[in-house]
Amino acid sequence: MRVAVVGGGVVGLSTAVGLVDRDVEVAVYERGTPMGERSAGETRIFRLAHAYPELVDLAARARPAFEAWSGRAGAPLVDHVGTVVSGDDAGARAAAMAAAGADHEVVEPGSPVLRLPGAVVGPALVDPAGGVIRVDRVAAFLTGAVGDRVRRAHVHGIEETADGVRIRAGDTVDVVDAVVICAGAGTSALAATVGLYTPPLLEHHVRFSFPVRAGGPFQSWITSATYQHASTPGTWTVGAQVTRAAVAWEVGPEAAENASRAVVTAYVAENLPAIEPRVVGRLYCTHDPDLGDGFRFLRQGRILAVYGGNLFKFAPVLGTMLARAVVDGDTPEATGQLRPVP
Ligand SMILES: Cc1cc2nc3c(=O)[nH]c(=O)nc-3n(C[C@H](O)[C@H](O)[C@H](O)COP(=O)(O)OP(=O)(O)OC[C@H]3O[C@@H](n4cnc5c(N)ncnc54)[C@H](O)[C@@H]3O)c2cc1C
């Protein structure tokens, strides 16, 4: 069986590793640098704390899967420092963790269990299995495991024929037995060529890194309006909710970055005494503001597409699910349904 995976981000490379593990012949088509778009950067938050039990469960399955990868990589890919959720969403996530049987604790402000660079307001949910995904190490592991199966080419068309599925990339046409579209921001346009609808809405998002003044290691932290976690040694990364108008596609990346920088820097100055409000790094990406957590799979014949939000923490599980579905010719179970956070 020959399979084409379109997109060399964390989802595409995880799928390719899952296929290689099943002895399937695979080629990954990547228009730029593998792990260079939404999967770029040094770290991400790992957490079991989701608003739905099935997502808690999936993240719980991802934890040993990351550990298995860590064994293969020869280095830990997740630092289990814990994740804290405070603010509006903490109650719903605590309820979902309880329903999924996941270890968790709800604590009051000032609890010695909290190791954060600022104070929480109201009760906080502590997710002890959470922490920080070492994106740099994941990238090194995945690119090493996939090796020379990556083809640097922009796929501009996919077409199913009686002989197989045609992939148009650059000036060439390849014919394969199955295709998985994991193209991140490119998924919508490509999936549309085979009649699959995925949400096309994009907005700009930029997160910023700041020097740690004192303390640490801190837990990863999600508040009502921010997410924050350790980045490179001695730095703390913060992303904040900015008004939709300020980061809308039409304003352009520069204006969106300036607006985000002002909001995030003011937040750090006012709320995080352990962090110096001086930007030393930034990471830009596009995302769909309506997706939140979770993912969805779509199939058209021998073409499978996946889209979703906050996918990094699910990557090893997603890769296994997609690889199995390609080989079996079915659509993975819809455990990771995208639904609005209550
Ligand atoms: C700032 C930021 C913070 C985040 N925080 C978290 C977090 O804390 N926890 C978490 O779990 N997730 C987080 N996420 C989300 C997570 O990083 C993404 O969901 C995940 O990396 C998406 O991976 P992907 O493989 O789907 O997409 P990408 O990494 O974007 O990969 C898609 C690839 O497809 C390629 N491509 C697109 N179109 C084509 C084409 N036509 N032909 C060939 N190649 C093509 C692109 O070049 C790209 O490399 C965050 C994301 C960002 C940017």
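Tutor: In this predicted model, Arg261 and Glu257 lie 4 residues apart in helix H7 (residues 252-271), which means that about one helical turn separates them.

Student: At what N to O distance do the side chains of Arg261 and Glu257 meet?
Tutor: Side chains of opposite charge can pair when their charged atoms come close. Arg261 is partly exposed at 30% relative accessibility, whereas Glu257 is buried with a relative accessible area of 13%. Their side chains form a salt bridge, for which the N to O distance is 3.2 Å.

Student: Is Glu276, which forms a salt bridge with Arg278, buried or partly exposed?
Tutor: The side chains of Glu276 and Arg278 meet at 2.6 Å, N to O, and Arg278 has 44% relative accessibility. Buried requires under 20% relative accessible area, and because the value for Glu276 is 24%, Glu276 counts as partly exposed.

Student: How much of the area that the ligand exposes when taken alone does the protein bury?
Tutor: A backbone N or O atom of Ile45 also lies 2.9 Å from an oxygen atom of the ligand. Taken alone, the ligand exposes 1000 Å², and the share of this that the protein buries is 95%.

How values were computed: Residues are numbered from 1 along each chain as its sequence is written. This is a predicted model: local features need pLDDT of at least 70, side-chain atom pairs count only at pLDDT 80 or more; totals for chains, interfaces and linings use all residues. Side-chain values use heavy atoms; hydrogens and water are left out. A polar contact is a pair of N or O atoms within 3.5 Å; within protein, one must be able to donate a hydrogen and the other to accept it, and residues adjacent in sequence count only if both atoms are side-chain atoms. Accessible areas come from the Shrake-Rupley method with a 1.4 Å probe; for residues, only the protein chains shown count as cover. A salt bridge is a side-chain nitrogen of Lys or Arg within 4 Å of a carboxyl oxygen of Asp or Glu. Helices (H or I, at least four residues) and strands (E, at least two) are DSSP runs, numbered from the N terminus. Buried means under 20% relative accessible area, exposed over 50%, partly exposed in between (1.4 Å probe, protein chains only).
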